[in-house]
Amino acid sequence: MTVYHMSQTLKLGDALVPDHQRCAALAQPFTQALERGMDCFYSMALTGKYLYAVLSRSGLREWSDYAKWSVEGAFEFVRRAEFPDRPSRLGCSYFYDSLPSCKALFDYDWGEASPEEREAVRLFEVELEDESPVRLDMGLYDQAYDAMSRRQDGDRVLDLARRYFAGEGCGRPVWEILSARPARAVRDVTEYLR
């Protein structure tokens with residue numbers, strides 16, 4: 001199956017490696033906290049919020065983004081408990097099924113980035129060895145991120161995770177394709193983003 005993938009590190013001919021940045025370790029403590037209860041989760045999230053503020057002053061903001069990692073942990077908690085047949089967001093690769101979707105996502109994610117950061121992003125046509133990957137709405141994930149970063153609303157995050165893994169869409173869905181199956185970058189189509 002032919003799909004598309006954006007990356008700042010992938011090279012033409014490379015095989016995609018799920019969790020190549022080893023981010024699952026940043027989300028796992030939040031999943032474990034939810035296994036112990038919502039109070040434990042909130043304690044982790046608020047500690048993370050404090051750490052985020054401290055590390056932001058040091059330029060380490062991306063890796064200390066408590067909202068991102070707590071949402072990933074909460075999504076994994078819901079997936080394990082209620083949707084074990086769905087792929088883990090932490091153990092798969094993400095793809096898109098059309099070039100217009102990639103362009104819209106690029107503009108959304110990197111529209112405010114510096115020219116150097118935008119130039120580092122590459123778009124690849126990928127051969128995915130999965131004839132029936134899962135298609136889920138990234139818009140629901142984005143809403144969960146907003147609920148956590150703005151209000152630390154764990155109940156809302158869990159509700160959105162359930163909707164996400166159930167395959168529901170929001171008002172303006174952004175469909176992402178998730179798969180842990182082998183995939184390889186076969187063609188650089190970055191010019192489409194420019």
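This is a predicted model: local features need pLDDT of at least 70, side-chain atom pairs count only at pLDDT 80 or more; totals for chains, interfaces and linings use all residues.
View 1. Residues are numbered from 1 along each chain as its sequence is written, and side-chain values use heavy atoms, with hydrogens and water left out.

**View 2. The whole fold.** Here you can trace seven helices and six strands; these are DSSP runs, numbered from the N terminus, with helices (H or I) of at least four residues and strands (E) of at least two. Starting at the N terminus, the order reads β-α-α-α-β-α-α-β-β-α-α-β-β. The C-alpha trace spans about 45 × 40 × 30 Å along its principal axes.

**View 3. The largest nonpolar core.** A nonpolar core is a set of buried Ala, Val, Leu, Ile, Met, Phe, Trp, Tyr and Cys residues joined through side-chain atoms within 4.5 Å, and buried means under 20% relative accessible area, exposed over 50%, and partly exposed in between (1.4 Å probe, protein chains only). The largest one here has 33 residues, and those with the most contacts inside it include Phe41, Val71, Met148 and Val157. At least two core residues come from each of H1 (24-36), H2 (38-56), H3 (66-82), strand S4 (134-137), H6 (138-151) and H7 (154-165). Helix H3 gives the largest share, with seven residues. Another core, of 12 residues, lies apart from this one and has Tyr4, Tyr96, Trp110 and Val189 among its members.

**View 4. Around Tyr164.** Which residues does Tyr164 contact, once its neighbours within four places in sequence are left aside? The partners of Tyr164 are Phe75, Arg89, Leu136, Asp137, Met138, Leu140, Tyr141, Glu176 and Leu178.

**View 5. Asp85 in its loop.** Look for Asp85 in the loop between H3 and strand S2 (93-95). Asp85 counts as exposed because its relative accessibility is 65%. From C-alpha to C-alpha, Asp85 and Phe165 are 9.7 Å apart in space, although 80 residues apart in sequence.

Terms used. Contact means heavy atoms within 4.5 Å.
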